[in-house]
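Here is a short tour of one protein model.

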Amino acid sequence: MALALAGGGPLGAIYEIGALCALDDSLSGLDFNACGHYVGVSAGGFIAAGLANGMSPRQLCDAFIEDLPTDENFDPAWLMKPAWRELGLRASRLPQLLGSALWTWLVQGRPLSQAAEQLGAALPTGVFDNEGIHRQIERLFSRDGRSNDFRRLRARLTLVATDLDSGESTPFGRPGWDHVPISRAIQASAALPGLFPPVEIGGRHYVDGALKKTLHATVALDEGARLLICLNPLVPFHADPKAARHQRIPSLVDGGLPAVMSQTFRSMIHSRLALGFKHYERAYPNSDIVLIEPDQRDAEMFFANTFSYRQRRQLAEHAFQQTRQLLRQNADNISRKLERHGIRLDHAALADPDRRLLHGPDKPVADPVRRLHATLDTLEHQLRQRAVRQGLT
């Protein structure tokens, strides 16, 4: 079995942790710390590396979601520190670049637009410092029983970044690339251009692994994975015009540039994912692939503020419950794939309306409608299974 986790920033990590906890809670015969191969891109690389290091989904939840007074806590606020070194380096080049631009315009007589292009080199390649990602993950994986060295892990771990100067994918963790510290590979894989500066490793510069592909699942499939579970946290939002007026979401254009850019980015990476899955079906007919991702009508995931601690808890719980709902709604198809590998859905756990990821002051009163839907989903699955056994379908 292999596990492939796509990126998506802090929101992606929150969704994947909630979804993994739901899968761990709802599937019997599955151990997320016993996979043969873990593939991670960007934020998914942090989750994949944690699982490969023996951290359970619940432990990842404690480290990333819960604000516990321990040295295992990973606070997304660390990602918001300005990249002062990069900003200072670019600012120091401005006088020389300005002089060169003036020479081009005034002395050489070239168009002002051509001279102004030279000033582009003074713009920073990223506004936030990502060195903290390396430092904090290095600390997390230096504890007893864990390792920051690919070569010392029990299972294979592949973290994919993109070589900035060639545009090619770089699979850190595979032979020839396994000498790079895991924490540094995660930093490189998550270096989204414009947000974080490229990461220099061995004289080359690397940026986000999602620039080339969304999942890079072929890394595991090429090595013979027979069951591949994929998690993709980012999907384009689909507003339902037929929804009740009080449930209707206004046009995304009303959200301005951030909403438009988010929808554009999500649509691009999801279309690549869809094409990739069509390729997997043709190229790997003997492998079962299960994709877990949010509902495209899920407004809560799309309009989330992932840097709010309280909302991190809410989003993780939301991802946990939505994944349970996905498993109930697609029980027949998912069961058919998983049972070939000795994994079964725990229908009693899925039907339990009080099953939760987090407990505490945020715990809401049990929703009777949610109880009814869970019971009906389970009943429908059991009736289908009985009909199949009796030869009625």
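D149 and R151 form a salt bridge, with their closest N and O atoms 3.1 Å apart. This is a predicted model. D149 is buried, at 18% relative accessible area, because the cut-off for buried is under 20%. R151 is exposed, at 52%.

A search of the whole structure finds 14 salt bridges. Three of them are listed here.

| Salt bridge | N to O distance |
|---|---|
| D149 and R151 | 3.1 Å |
| D163 and R204 | 3.0 Å |
| R355 and D25 | 2.9 Å |

Take the pair D163 and R204, joined through their side chains. D163 belongs to strand β4 and R204 to strand β7, so this bridge ties together parts 41 residues apart in sequence. D163 is buried, with a relative accessible area of 7%. R204 is partly exposed, at 34%.

R355 and D25 also meet in a salt bridge. R355 lies in the loop between α14 and α15, and D25 lies in helix α1, so the pair links parts 330 residues apart in sequence. R355 is partly exposed, at 27% relative accessible area. A network of salt bridges links D25, D352 and R355.

The largest pocket holds about 1200 Å³ of space. Its lining has 42 residues, and those closest to the centre are G8, G9, P10, L192 and L195. Which helix gives the largest share of the lining? That is α10, with nine residues. Helices α1, α2, α7 and α11 are among those that supply at least two residues each. By class, the lining has 31 nonpolar, nine polar and two charged residues.

Notes: Residues are numbered from 1 along each chain as its sequence is written. This is a predicted model: local features need pLDDT of at least 70, side-chain atom pairs count only at pLDDT 80 or more; totals for chains, interfaces and linings use all residues. Side-chain values use heavy atoms; hydrogens and water are left out. On a 1 Å grid over the protein atoms alone, a cavity is a set of points where a 1.4 Å probe fits but cannot get out, and a pocket is an open set with protein on both sides within 12 Å along at least five of seven lines; lining residues have an atom within 4 Å of a point. Grid points are joined across faces, edges and corners, and a volume is the space filled by probe spheres set on the points. Helices (H or I, at least four residues) and strands (E, at least two) are DSSP runs, numbered from the N terminus. Ala, Val, Leu, Ile, Met, Phe, Trp, Tyr, Cys and Pro count as nonpolar, Asp, Glu, Lys and Arg as charged, and the others, Gly among them, as polar. A salt bridge is a side-chain nitrogen of Lys or Arg within 4 Å of a carboxyl oxygen of Asp or Glu. Buried means under 20% relative accessible area, exposed over 50%, partly exposed in between (1.4 Å probe, protein chains only).
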